[in-house]
Amino acid sequence: MKRVYEKGVSLIESLVCLVIIGIGFIGVNQMMSYATTSIDRSVDANKINFLSETAIEDIMGDTNNASNYNFTQQCTKNYNSSGSLSEKAKTKWAKHFMQENQLKINNQFKKLPCDQLDTKEATITSGSDGTSVKFKFKSNKGKKEKFIGVVVK
Amino acid sequence: MKKLKGFSLIETLVAMVIGAISIAAISYSYIYFNSSYQKIMDKAKMSKAGRSSLQTISKDLRNAGYKNMNYTRSTWDRWIEKIDAHNGTKGDKLRIWYNISTQDRIEISYYLEKNTSGETYLVREVIENPVVSPMKRNCERFDTQKNCAPITIIENATDFQVFFNDKDGNRLNNVNISSTENQSKVHTAEIYITVRSPNELLKNPITFEMLNGGTAGQFTKSDRYLRETFYISVYLRNVVKL
């Protein structure tokens, strides 16, 4: 009588198979976490748009003194709230860029994460063709830059 | 005789352990990604609701006080107003008036409303010809003013605060229709809206204190929802020309 050998899958083979499936699974996970962080980033970009629009709106309300609105901020604010409208406006921006005076969570101010390289800058240029404002907003440790430019006068 | 060979007990146990570990890993990562996805999507929803309503509000604020040069129909004594702590909510009520033709003007209000469970939501109400013969918009029938209800612009709004500043950047108080003088002093308006997440996203409750440009200790909530404040400042270009 002929002997029949029935061959199945060995333990090593099944383990190798499991490792390959595991690698595939890690890939899918990476993709999902990338997708969620990019949604988060787009929310942040939207926020930056709003903050710079708000700042430019203040300059539009005081076009005669537009040159006083040159502004640079890293994470801390270094403006005092007394004095002219432009100084008050810049103090206001500095606070809002860091979300100060809005929400307190468990008695702590909710603050935007900020790196020293995340600068916010307003540059005013006046020429024969009018006065324009350029707002530069850096985020993600200075890696991402966002510009908004408006002719105010 | 044919010899049939199956798995040994050891092999089966090893296979079961490996299977169990992989199922645990898959289910853990599913739960983790599902919750982070839910969190991000809720944050995106909050951001969308906050930003789009701020855009609508800023459009109305830019129109505030717009007076058509041929408008002669009735008195022109109201264009912007703020009422504190409207209707038992901690939020403000913002009212804006402007011309939509040489004959007509329109009144737009933003305020918080409470639902049956005490949660607040932000609404926008539009009234045509507000002084002579007020007619609300957004009704089942406009001519008979049947079942009029303002439009909800943010489902889960915790707080809505309005501040006015004069041309020197100082806060203005008592800006209402009883004082045309105070109304004409308004130079910029600041709006703060605190939006709550649609779902409970936190494991443990945390305390939120809504400052929103005001002083501390006024308004707190302690629960498992996330909250974020959205802010805009608008230059009232039509009011300053009045």
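Chain B contains 2 helices and 12 strands, where helices (H or I, at least four residues) and strands (E, at least two) are DSSP runs numbered from the N terminus. Along the sequence the pattern reads α-β-β-β-β-β-β-β-β-α-β-β-β-β. All of this comes from a predicted model, in which local features need pLDDT of at least 70, side-chain atom pairs count only at pLDDT 80 or more, and totals for chains, interfaces and linings use all residues. Residues are numbered from 1 along each chain as its sequence is written, while chains are lettered from A and ligands numbered from 1 in the order in which they are written.

As for overall shape, the C-alpha atoms of chain B fill a box of roughly 110 × 45 × 30 Å along the principal axes. The radius of gyration of chain B, taken over C-alpha atoms, comes to 27 Å, whereas a compact globule of 242 residues would have one near 18 Å; the globule rule is 2.2 Å times the number of residues to the power 0.38. Buried residues make up 32% of chain B (buried means that 20 or more other C-beta atoms lie within 10 Å of the residue's own, exposed 12 or fewer, and partly exposed in between, with C-beta atoms placed from the backbone). Of the contacts in chain B with a separation of 6 or more, 63% link residues 24 or more positions apart; a contact here means C-beta atoms, placed from the backbone, within 7 Å.

One residue to look up in chain B is B:Phe142, which sits in the loop between strand E5 (135-136) and strand E6 (151-154). B:Phe142 counts as partly exposed because it has 13 C-beta neighbours inside 10 Å. Between B:Phe142 and B:Arg224 there are 82 residues in sequence and 41 Å in space, C-alpha to C-alpha.

Turning to chain A, 4 strands form an open antiparallel sheet in the order E1-E4-E5-E6, with pairing taken to need at least two DSSP bridges between two strands. Strand E1 (71-73) and strand E6 (144-151) of chain A are at the edges with a single partner strand each, so one side of each has no neighbour in the sheet. On average, neighbouring strands of this sheet are turned by 15 degrees against each other, direction ignored. E1(A) pairs with strand E4 (residues 120-127) of chain A over 3 bridges, in the antiparallel sense, and A:Phe71 stands opposite A:Ala122 in E4(A). H1(A) lies across E4, strand E5 (130-139) and E6 of chain A, at about 150 degrees to E5(A); axes are lines fitted to C-alpha atoms, for helices over the stretch in contact, and angles run from 0 to 180 degrees between N-to-C directions.

Then there is the meeting of the two chains, which takes 27 residues from chain A and 37 residues from chain B. On the chain A side, helix H1 (11-60), helix H2 (85-97) and strand E2 (103-105) each supply at least two residues. H1(A) gives the largest share of that side, 14 residues. By class, the chain A side divides into 12 nonpolar, 9 polar and 6 charged residues (Ala, Val, Leu, Ile, Met, Phe, Trp, Tyr, Cys and Pro count as nonpolar, Asp, Glu, Lys and Arg as charged, and the others, Gly among them, as polar).

H1(A) packs against helix H1 (residues 9-63) of chain B at an angle of about 10 degrees, with the axes 10 Å apart. H1(A) and H1(B) are therefore roughly parallel (angles under 35 degrees count as roughly parallel, over 145 as roughly antiparallel, 65 to 115 as roughly perpendicular and the rest as oblique). Strands join in too: E2(A) and strand E10 (residues 206-210) of chain B run antiparallel, joined by 3 bridges, and A:Leu103 has B:Met210 as its bridge partner in E10(B).
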